[in-house]
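User: Could you walk me through reading the features of a model like this one? I would like the general idea each time, then the case at hand.

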Amino acid sequence: MLVLVLEDDEDYADIISHTLERDGHDVVVVDSVAAAIKFSEKKTPDLAVLDIVLPDGSGLDVCNRLREIRPGIPVVFLSSLDRTQDVIAGLTVGGDDYVTKPFHPGELLARVRAVLRRSTEGGVQERGAGQRIASNGIEVDIASHTAWYLAANLNCTPIEVEILGQLVRYPGQALSYAFLTDQVWGYKNVSDATLLKGHVSSIRRKIREAGGSDELVRTVHGVGYSFTPV
């Protein structure tokens, strides 16, 4: 697969490119927003790994442009910005995952593999989940990566669809951070609770914008989240 890497730090760029190339990917590294957009307009990558803070702009803008060219392209943000609002900003523009610097190459590779697997194979569906799940006005179709509230498309990202699907599948039950990350990302060593919180925040916003109550997804302090009919 062709991977576009946007990173202006040479050391990080080398680590990222070598990690992905060893996994069999073709990697193109650019160090500016302008170069990333110029390349993507000539050839669409299969995956983008984007830094956010660049000398000539933001990786968020590159994500927006990539989504215009190919709506379903997987995007992984890789940034030193680690505040909750930074993660939420990345997920709001359509990022599928958000890795903070410094990072271990093995973690990056696991995240990339999970995102690619989800985009090409239907994510949790292959682990035996039902295709459609519905409760209290929310309907989730895992196979098509689509979720609705009272027939209004929530325009969720694939990861958001999987998180919402897990919650709707177990209404009223408190699902732990560990359970959700294992079911959604497919491995247990995802320790970044901020990432999960960012996705849940985005889901709540989209439900609210569709006319529903964001209290459908309730925080269970110290545990995780619960889908609670209002």
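**Reading the sheet and the helices**

Analyst: Four strands, in the order β8-β9-β10-β11, form an open sheet with antiparallel pairing. Strands (E, at least two residues) and helices (H or I, at least four) are DSSP runs numbered from the N terminus, and two strands pair if DSSP finds at least two bridges between them. This is a predicted model, where local features need pLDDT of at least 70 and side-chain atom pairs count only at pLDDT 80 or more, while totals for chains, interfaces and linings use all residues. Residues are numbered from 1 along each chain as its sequence is written, and side-chain values use heavy atoms, with hydrogens and water left out.

User: Which strands stand at the edges of that sheet?

Analyst: β8 (132-135) and β11 (152-153) do; each has a single partner strand, so one side of each is left without a neighbour in the sheet. Strand β10 (residues 146-149) is joined to β11 by two bridges, and Trp-148 stands opposite Asn-153 in β11.

User: What packs on the sheet?

Analyst: Contact means heavy atoms within 4.5 Å. Helix α6 (residues 158-169) packs there, touching β8, β9 (138-141) and β10.

User: How do I read a helix by its buried residues?

Analyst: An α-helix has 3.6 residues a turn, so residues three or four places apart point the same way. Buried means under 20% relative accessible area, exposed over 50%, and partly exposed in between (1.4 Å probe, protein chains only). In helix α2 (residues 33-42), the buried residues are Val-33, Ala-36 and Ser-40. Seen down the axis of α2, they fall within an arc of 65°, so they line one face of the helix; the arc is that of the directions from the helix axis to the C-beta atoms. Lys-38 and Lys-42 are exposed, on the face of α2 turned away from its buried side. The buried residues of α2 pack against β1 (2-6), β2 (26-30), β4 (53-54), β5 (57-58) and α3 (59-69).

Definitions and conventions: Axes are lines fitted to C-alpha atoms, for helices over the stretch in contact, and angles run from 0 to 180 degrees between N-to-C directions.
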